[in-house]
Amino acid sequence: MTTPTTAPAATLLPDDTTRLRAAAAFVRDQETPALLRLLLPGLDGPELRALADRCRFAHAALLVFPPDGPALRTLLTAAGLAGDPVTMPSVVVRDRLALRHGRDAAGLDVRILRPDVLCADGERRVVEVFALPAPPGSGLAELAAAERAAEHEAHLAFEVLRPDPLVLRGLCALFARYGALPDGGGYNPHEDGTVFYFTAPEESKAGYRRVELYAAGDHRDLLAPHLDAHRSRQPAETLLRLMTGAWTTQALAACAQLRLPEAMSGTAPSDGVPARAAADGTGRTAAGGGRPALDVAVLARAVGADPESLGTLLRYLAMVGVVEQDPGGRFRLTGSGALLRADAAGSMRSLALMYGGAFYQSFALLADAVRTGVTGFEQLFGENHFDYFARHPDLAERFDQSMAASARMFEPLPAHPVITAAAAGPGPRTVVDVAGGTGGLLGRILAARPQLRGLLLERAHVVEAARRQLDAAGVGDRCGYRTGDFADVPGGGDVYVLSRVLHDWDDDRCREILGHCARAMPEHADLLIVERLLPEDGSPSLATAWDLHMMCNVGGRERRLGHYAALLEDAGLRLVGSGPLPLGASVLHARRAESGPARHPGPPRQR
């Protein structure tokens, strides 16, 4: 918890009045090009003109602490500003205050108001006032005094005139080039705007330490690297966020367990609550992709939860983008949250339950796994996860469903040159899916290529689930099934597929699996391998995270491309090429070592 900074007590209204008058005078006297030159020393010529053409000085901001609404109106009037303001919640400043002072964000009702000012250059700008009511006895006196002394929220703001990704990236890069450093930011759903905060260069003559770039719309994809850059300068905060990552895993699992996404979509009747609950109890629904906004009390009845505890969970889910909170305190599902519905296309519900369940429990033994080389899963449950799941059908079904959550990585594969060539060949051609699970990839290939037949090799309990899935997909009449292990890879196929199989095993077992494939493959056959590849340069990658997961839970590993090439060579195969797939995956193309040049080599080999 952050210890609040203490500052000398100050009288409330006069101190805020003086500060507010100074901010209003500053706004009246400035114009964009001159202020940019003061703010970013050295900025001049074409770069100054380019910056001034793409953004304009919009406001100066400060945080005040009136006791109540009437006192706020008096404060504004005393500063020569409009006295009857319209306010909106300030999510960004509220969260920053909560983090700085170790407070519960829900107890800080920070509001934004923007009285306008007629400026010397004839334009109308505003003074952005953040107001946190601090009545006597509220316990906010020390926080208010500390904030007035430090002026953490005082800043200048420039509005981006035509915000698009290219312009925003360019403006952020230009600020950085002249010494401005990332200093946080956020997206405010109440006004659909994104703010990028910077710390002004030390040589700045603008009189404000912080600068804001404001862009209308939702630009959280561009905000993410900006926030990462800010956190890299705050090592304690960065480490604290990393330490609490497990809370997010469990919050998502709890969301799925409680069936919150279904309740928020109106598809999960429970305890007498109608299947489609009204957004506010009156039958109205709010904006947001047609998803209703629901009171916590309504949701608590729908899922059978304690309202206060559910509210805490929902606020956390809002912080990580799974739900959104509207100004009335109601919550609606986001696009990410909708993927936790069981009936969603590409549902990730089972994945959330797996990562928050058995795999989560075994991660508590990560240090022991590192010391001993024995997976945390095996230490906890007494056997490897394949055998354990085979004895627990419900968990096995959930695991198979969780694997299907990553099916998007398969989307390009039916168009791979190997598959295309097989479909165009004479006579019936067969795709053999080795350890193909419930047939998600094979079904996708057969649906896209009606000329092909399929053959799936799996364990007995998985084959029955695959048969049901492929029949439901309408391709079961073109698919055969073989019950067995890797030693039972059938011969005579034209294309063999190993999808997310090799990363489950150590190198010796991989050589065995690849050797079984090589012996079964006719000379003309091709092998496609789907895996995540560790980057050669150590850059951030999903494969690096999965490498840790495989080590702790499965006993396998992710590998670099060269490592796979060596394993293939040891098994009498040769790597022909590789190419990227969605979700950080890659497809590797291999053939028997003694076969001739590939007739359809596929994408160029990655380097």
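Helices (H or I, at least four residues) and strands (E, at least two) are DSSP runs, numbered from the N terminus. On that basis, the secondary structure of the protein chain comes to 26 helices and 18 strands.

Good morning, colleagues. What you see is a predicted model, in which local features need pLDDT of at least 70 and side-chain atom pairs count only at pLDDT 80 or more, while totals for chains, interfaces and linings use all residues. Residues are numbered from 1 along each chain as its sequence is written, and side-chain values use heavy atoms, with hydrogens and water left out.

I begin with confidence. The predictor's confidence in each residue, pLDDT, runs from 0 to 100. Its mean for the protein chain is 87, and 91% of the residues reach 70 or more. Over residues 1-14, however, pLDDT is below 50, and this stretch has 25 contacts in the model beyond near neighbours in sequence; a contact means heavy atoms within 4.5 Å. Residues 269-289 also stay under 50 in pLDDT, and the model has 39 contacts for them beyond four places in sequence.

Next, the chain as a whole. Its C-alpha atoms fill a box of roughly 90 × 65 × 50 Å, taken along the principal axes. Of its 607 residues, 48% count as buried, where buried means under 20% relative accessible area, exposed over 50%, and partly exposed in between (1.4 Å probe, protein chains only). Among contacts between residues at least 6 apart in sequence, 67% join residues at least 24 apart.

Let us turn to helix H22, residues 440-448. Here Leu441, Leu442, Gly443, Ile445 and Leu446 are buried. What covers these buried residues? The cover includes helix H21 (417-424), helix H23 (460-472) and strands S12 (429-434), S13 (452-458), S14 (479-483) and S15 (495-499).

Most residues other than glycine have a negative phi. Arginine 500, although not a glycine, has a positive phi of about 55°. This arginine counts as buried because its relative accessible area is 12%. Leucine 583, likewise not a glycine, has a positive phi of about 60°. It sits in the loop between strand S17 (573-580) and strand S18 (585-592), and its relative accessibility of 26% is why leucine 583 counts as partly exposed.

Another loop, between helix H17 (366-372) and helix H18 (376-381), holds threonine 375. Is threonine 375 buried or exposed? It is buried, with a relative accessible area of 7%. Its side chain reaches the backbone nitrogen of glutamate 378 at 3.0 Å. Leaving aside neighbours within four places in sequence, threonine 375 is in contact with Ala369, Met551, Cys552, Asn553, Val554 and Gly555.

Finally, helix H9, residues 235-243, includes methionine 243. At 55% relative accessibility, methionine 243 counts as exposed. Together with Leu239, Leu240 and Leu242, Met243 forms a nonpolar patch on the surface with about 430 Å² of accessible area. Not counting residues up to four places away in sequence, arginine 241 touches Leu99 and Arg231. The C-alpha atoms of arginine 241 and arginine 231, ten residues apart along the chain, are separated by 9.5 Å.

On the terms just used: patches are made of residues with over 30% relative accessible area and no salt bridge, like charges being joined within 9 Å and nonpolar side chains (Val, Leu, Ile, Met, Phe, Trp, Tyr) within 5 Å. A salt bridge is a side-chain nitrogen of Lys or Arg within 4 Å of a carboxyl oxygen of Asp or Glu. Accessible areas come from the Shrake-Rupley method with a 1.4 Å probe; for residues, only the protein chains shown count as cover.

Definitions and conventions
A polar contact is a pair of N or O atoms within 3.5 Å; within protein, one must be able to donate a hydrogen and the other to accept it, and residues adjacent in sequence count only if both atoms are side-chain atoms.
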